[in-house]
Amino acid sequence: MVPGAPAIGSATAGNTQATIAFTGPAFTGGAAITGYTVTSNPGNLTATALGSPITVTGLANGTAYTFTVTATNSAGTGPASAPSTSFTPKGIQTITFANPGAQNFGTTPTLSATVSSGLAPTFTSSTTGVCTITPVGVLTFLTTGTCTINAAQAGNAAYNAATTVSRSFSVNAVVPGAPIMGSASAGDAQASVTFTAPAFTGGSAVTSYTVTTNPGGLTATGTASPITVTGLTNGTAYTFTVTATNNVGTGAASAASSSVTPNPGPAVASVAVPANGTYKIGDNLDFTIIWDSVATVTGTPRMALVIGSSTVYATYMSGSGTTATLFRYTVTAGQSDSDGITVGALTLNGGTIRNSANSNATLTLTGVGNTSGVLVDTTAPTLPAVNIVVNNQSDPHKIVLTFNKALNATTIGAASAWAAAANGGAPIYAIAGAALTAANQVTLTLAAVDITTAATFITDSAANAHLRITPPATLADSVGNTYAAGQVTESGAAHILDTTPPVLASVGIGAATSTGGTMTAIASEKAKGYWIAVAGGATAPAVAQVKAGVAYGGVTVVADGTGALPAGSAGSIALNGLAPSTVYDIYLVAEDAAGNATAAVAKAVITTGAALKVSTLPDGAVTTDTTLNVSGTAGTPANLKSLTINGTSVAVAADGSFSYPVQLLAGANAITVVATDISGTIATDSRTITLDSSALHLAVAYPPDNKALIQQSVTVTGSIAELLASGTAKIAAKAEAATAADPTMVVSYSINDGTPGTATLTDGTYSFTVDLTSGMNTIQISAANGAGKTAQAKRTVTYQPAFSLTVSDPASDIRTPQTSYLLQGIVADNSAPVTVTITMDGQTYTPTVDSTTGAFQQQLTFSGSKVYQVSVTATDGSATLSVPRNIITVAGAGSAFTIVDALTALKASVGLVTPDQSQILRLDVAPMVSGVSVGDGMVDMEDVIIVLRKAVGLL
């Protein structure tokens, strides 16, 4: 049987042929295969062989073919295999590319090559650092060296790619191109030519340039622009060309420059320097260069200067286009030259100095002025800490300041411009004067020593603790450099200090008061006196113990203080804080302004006076009341020898209080209270009270005078009015007040001489509330209106937190013609039963106190016209209160008026006699208010009428 079909494999195309690979059939037909046949499609071209592969020739290049294979045995040819994949045979092509040989840098030749297929070759460069080529063969040389070019043909549908052909050749350098001319500038027998390097270097670096003149053919060589050509003839016009040379040779010349004519540039004739003197920070050092011809300046040429050891530069300022150019340097901080500055060289500093023909100036400086007297000083004045010297040996004290250099006297300033203080900031000393006492020395003079004012003196300890000095910002040296160091703290100075202590003499006691007095002494210099008071006979203290003012060695210091003593004359120091009627030893030491204390203590003995406190109207007060209550306290009765009011002996209660009525006369009345203790020391209180019947009528409704309260505050009420006095009888005037409210009326008050307040005033009624202090309080009330009328009243109120005691009738001191009087009062706010005792004129009464209401009363009987001092005392067993009352009995109280009294009153009223105090007290019965004589402090016709009517029984 015939064999089966072979299995087709791969087909490989060639030039007009193809090679087919296959596998024999699995079924041979039972006989050996004798051959295989490959057939093409299209064309049915065949090829036979005994096995795989089989090559078919005669194919057409560029035509796509498939192939089948059959197997043949003895039985015949079997079926064909499946067709192969399609493929196309291609032709072979070759490139012919001749070596172009060496090439010159800067050329752009075009290379060529041929291809056997007739297709166009493409070119590439393997040495792109040396050369590049376009695909069609145009060369560009980047540098000299070996250039390698490749020719290739990629093939097409009919031809396979050709084998690449490479050719290498040398790229050789050439001479450079022509430089680009810039400008030519003429000088003195020379010219400077500027240019730009050629764009084409010939493939080799330019090694030099040559400038050639026309006329003359003079040359100058250089490696860069500009190049100066010398040896020219001044006055001759020249142009210039430039050539470039590399390792190959010299290239073409540039275009010619513009024509220039050399001539001499400006030269320095002289240099004017700054005037001799010393220059400070901010001062200008001006130099003027005088040229022999006009100089034109551009930029900032400069001239070197040596100041001290530093080189600086005076810079061009002005003068271009003239023969004088100004150069300036401004002095800055830190520069100093004490032997004269030095002028250095003139340099262009990037600028130019030329004439109109652009000839450069000759920069050599000649004719430079003498600068040995041109000095520079920028050092500010300073105050060395060791140069602050205190001199406190004389009054006033001084501070001597020695600066590092001479000062300008006009900059010292006023004393107030300087500051001096102790280390720590206080005290700040009071500088009264500041003066330049040497070229570099300022003396500060303090105000005259005032021992009470620390700012006026400098103690030794303060000086040694390093003062702080602040000069004024205006302070300057003789040049004008200002002081800028600020505050300086002294250190290491040798001060001139006072080490001599003061001496005390004539130490004694001046006037003594109930709580102190004065101590007198003479000090050898101004000094501060320190004193202490100790019990009489106590151990004497040391100097330091007197200054300390505290207890020492078991001795109690009762009081201490200080005071100023003048130099060489008697001085006095106030003593205070002492107990009344007591003997004290007073010890005194003195310390001068430098802090030196006396070597020993001085002693004096004082006996204080009685403690006198008066509660009545103030000095200068005006009142319409003829009876003035004078109350107060006079210390412990056991220490009191006597108490008088206007010479009248007044009883003092067991608690030291007293109360007495003074009958006022019309006009000014002197009130003098004198307390004398058992040692004979006298305490006096004097004041003047005016009785004016035309004054305002100031009445106090509450509290009654000399009231004792348990409450710590009291509300005071009363009324104020102007009495009717025009066209009305005197009696009516005293009994009736104007009812119209006065809008200008003001009522004010104070307690215990404290800050005044203003009372609330409504329709003539006033009120205010005050706080009380423990013990006796004096409430002063004052009224004034726009017409200038005034009046005063007072209330004495005792605050004691026990219970209240009020004598309601009489509510205050009274005058009465009655021979007896029912005294009434109330005890309130008590927590225990209270016993009341009333004493009067040597008699003692113990009225019953109502246990429910606290009320009590006592009938008092009078034996004649005089002042009856009544003391009402209440005690609850632990506390005792006393309220005084004074009852003045007048005519009618046991002594009727007679015709002789009426005649005496008449003589007094018309001025024939001057009545004495007792006569005024008896005869001053008008006006009568509610049948009671209140008086007005004078004896006038109204009193005559009443006395006469009483004498004849009509009243």
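How much space lies in the second largest pocket? The answer is about 490 Å³, and the tour will come to that pocket at its last stop.

Before selecting anything, note that this is a predicted model, in which local features need pLDDT of at least 70 and side-chain atom pairs count only at pLDDT 80 or more, while totals for chains, interfaces and linings use all residues. Residues are numbered from 1 along each chain as its sequence is written, and side-chain values use heavy atoms, with hydrogens and water left out.

**Stop one: the disulfide**

Select C131 and C147, which form a disulfide (a pair of cysteine sulfur atoms within 2.5 Å) with their sulfur atoms 1.9 Å apart. C131 lies in strand β12 (residues 131-133) and C147 in strand β14 (residues 145-152), so the pair ties together parts that are 16 residues apart in sequence; strands here are DSSP runs of E with at least two residues, numbered from the N terminus. The torsion about the S-S bond is about 90°, so this disulfide is right-handed. C131 is buried, at 0% relative accessibility, and C147 is buried with a relative accessible area of 0%, where buried means under 20% relative accessible area with a 1.4 Å probe and protein chains only.

**Stop two: the neighbours of β14**

Next, show β14 together with β15, which pair in the antiparallel sense over seven bridges; two strands pair if DSSP finds at least two bridges between them. Along this pairing, T148 has S168 in β15 as its bridge partner.

**Stop three: an open sheet**

Move on to an open sheet of four strands, in the order β42-β41-β44-β45 with antiparallel pairing. Its edge strands, each pairing on one side only, are β42 (559-565) and β45 (602-607). Within this sheet, β41 (residues 527-535) and β42 pair over seven bridges, and Y530 has T562 in β42 as its bridge partner.

Finally, select A653, D655, S657, F658 and S882, which are the closest to the centre of the second largest pocket among the 30 residues that line it. On a 1 Å grid over the protein atoms alone, a pocket is an open set of points where a 1.4 Å probe fits, with protein on both sides within 12 Å along at least five of seven lines, and lining residues have an atom within 4 Å of a point; its volume is the space filled by probe spheres set on the points, which are joined across faces, edges and corners. Strand β70 gives the most to this lining, with six residues.

Technical notes. Buried means under 20% relative accessible area, exposed over 50%, partly exposed in between (1.4 Å probe, protein chains only).
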